[in-house]
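Please consult the sequence and the model while reading.

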Amino acid sequence: GQPVKNEKHQHDTEPIWNGGLLPRLGLMTAIMVIMGNMIGSGVFKKAAPMSASVQSAGLMLLCWLIAGIISLFGALSNAEVSGLIAGPGGFYAFFKKMYGRAFAFLFCWSSFSVLQSASIASIAYVFGQSANTLLGLPRLSASWESISIFGVFFPFENFGVKVFTICTLLCVTMANYFGVIFGGIIANISTMLKLLGIGVLIVLGLAAGNGSMDNILPLGPASGAEYGDLGLFGAMFAALLGAFWAYDGWNNAISLGGEVRNPKRNIPLALVIGVAGVVGVYMLVNFAYAYVMPVDEMKALAASDNSIIGVEVMRKAFGNGAAQFVAILILLSTFGAMNCQLMTPSRMYFTMANDGLFFKAAAKCHPKYHTPSTALLMQGCWASFLVLTGTFDQLTDTVIFASFIFYGASAFGVFVLRRSMRDAHRPYRVHGYPFVPAIFVLFCFALVIVTIIQQPREAIIGLVLIFTGWPFYFYWTRRRPEA
């Protein structure tokens with residue numbers, strides 16, 4: 001997407017990008033969007049199940065570090081590509097240049113049908129559940145809650161939380177509908193506040209009188225620890241999946257390429273600064289958890305469905321008032337993450353529709369607000385439907401490995417574009433080339449293979465869901481053949 005030359009909106013001095021999107025967001029907002037996407041509910045919840053997997057605080061922290069470094073390698077690799085191909089559409093524009101329209105379409109379709117929409121729905125639902133702990137939202141009678149569709153979907157179960165969640169989703173969708181500036185303001189404020197809150201949590205945790213450095217030990221496997229069939233490797237793999245879920249979202253700001261000022265400079269910078277910042281935050285907060293709470297207590301929390309380690313650590317250290325503070329912090333964190341998650345993927349669908357490869361209505365750019373208004377509404381409604389079905393966690397589990405297929409493909413694109421666009425100007429070249437992108441690609445490949453071996457049913461279901469887009473692709477390409 002290049003700016004349309006010599007064309008300016010009557011009320012703006014910024015150049016209008018293809019499709020009518022305006023570059024209004026600066027570097028700081030791009031960083032806040034990335035950090036806001038990444039910091040959701042995972043940092044407050046994943047330490048307990050990760051500790052249960054590896055049975056060692058030191059190994060749990062090592063998993064957070066490894067996942068952070070791998071995510072940073074992915075961000076560095078994508079920073080080169082985003083500097084080379086900047087504009088609206090993000091990964092759709094990347095994949096179309098690297099591998100053609102069919103592969104680009106598959107990524108965007110899977111994002112709309114499951115990956116991004118289910119992620120938005122699940123984060124929004126955690127927000128609703130957190131609100132429920134404070135407000136006590138109403139429920140319907142048992143007879144209503146037992147009504148099912150095909151014995152799988154229970155739309156009226158936990159109905160108060162679902163209605164609250166859907167209303168919140170639609171409100172955030174409308175805030176983004178009325179301008180990228182509103183979405184950016186929400187991202188800036190919510191991300192700064194939750195970083196401040198997490199900072200307070202870290203300080204309180206490390207200052208706790210009942211904390212001990214002995215809780216961090218041993219740094220390696222605990223004596224007598226028993227692991228599954230794949231031994232320590234399988235345990236580390238399971239813990240890494242939890243960490244990667246918490247780190248996920250670093251790539252979403254790339255989709256705002258048409259609305260970030262000087263995107264070839266600012267998006268690569270935002271990727272590196274944002275991901276590195278989150279790695280530091282996650283290491284500190286999980287160190288604080290381990291300092292206060294021994295591994296055995298973390299493992300016990302992992303067995304309880306309703307326990308959140310961030311809340312329980314503060315309860316143990318400072319009582320119920322501190323636990324209430326963390327519950328409010330989770331509300332704020334999930335609200336900010338929901339806004340950032342909802343803000344970016346709609347730009348992909350907008351670009352796809354302009355290419356004739358998505359529902360035609362999604363190509364509309366609002367004439368006044370310069371936002372992909374219809375794409376935003378479609379995404380908000382579909383995510384709300386997933387909330388109502390209550391199946392978003394299962395959908396996310398079945399396709400989580402698919403995101404690493406596409407992440408690996410995007411990093412491998414560094415090698416592809418070094419050949420196909422050899423002489424093009426690159427504002428940023430990935431440091432450590434070719435090792436950094438190669439390590440990331442190999443790790444993604446290993447993660448996908450191990451998932452297929454460990455969870456073949458979920459992998460097959462995930463692939464089937466992704467390839468449901470093929471009939472649409474053939475229909476749309478017949479209507480508008482590729483030039």
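The model is predicted: local features need pLDDT of at least 70, side-chain atom pairs count only at pLDDT 80 or more, and totals for chains, interfaces and linings use all residues. Residues are numbered from 1 along each chain as its sequence is written, and side-chain values use heavy atoms, with hydrogens and water left out.

**Aromatic rings**

- The structure holds 36 aromatic pairs (rings of Phe, Tyr and Trp, the last by its six-membered ring, with centres within 6.5 Å; planes under 30 degrees apart count as stacked, over 60 as edge-to-face and the rest as tilted).
- One of these pairs joins Trp-64 to Tyr-247 in an edge-to-face arrangement, at 5.9 Å centre to centre and 65° between the planes.
- The pair links distant parts of the chain, 183 residues apart: Trp-64 belongs to helix H4 (residues 57-84) and Tyr-247 to helix H10 (residues 231-247); helices are DSSP runs (H or I, at least four residues) numbered from the N terminus.
- Trp-64 has 0% relative accessibility and therefore counts as buried (under 20% relative accessible area, 1.4 Å probe, protein chains only); Tyr-247 is also buried, at 0%.

**Helix packing**

- The axes of helix H3 (residues 47-54) and H10 come within 8 Å and cross at roughly 170° (lines fitted to C-alpha atoms over the stretch in contact, with angles from 0 to 180 degrees between N-to-C directions).
- H3 is therefore roughly antiparallel to H10 (angles over 145 degrees).
- Met-50, Ser-53 and Val-54 of H3 meet residues of H10 including Ala-235, Met-236 and Gly-242 (heavy atoms within 4.5 Å).

How values were computed. Helices (H or I, at least four residues) and strands (E, at least two) are DSSP runs, numbered from the N terminus. Buried means under 20% relative accessible area, exposed over 50%, partly exposed in between (1.4 Å probe, protein chains only). Angles under 35 degrees count as roughly parallel, over 145 as roughly antiparallel, 65 to 115 as roughly perpendicular and the rest as oblique.
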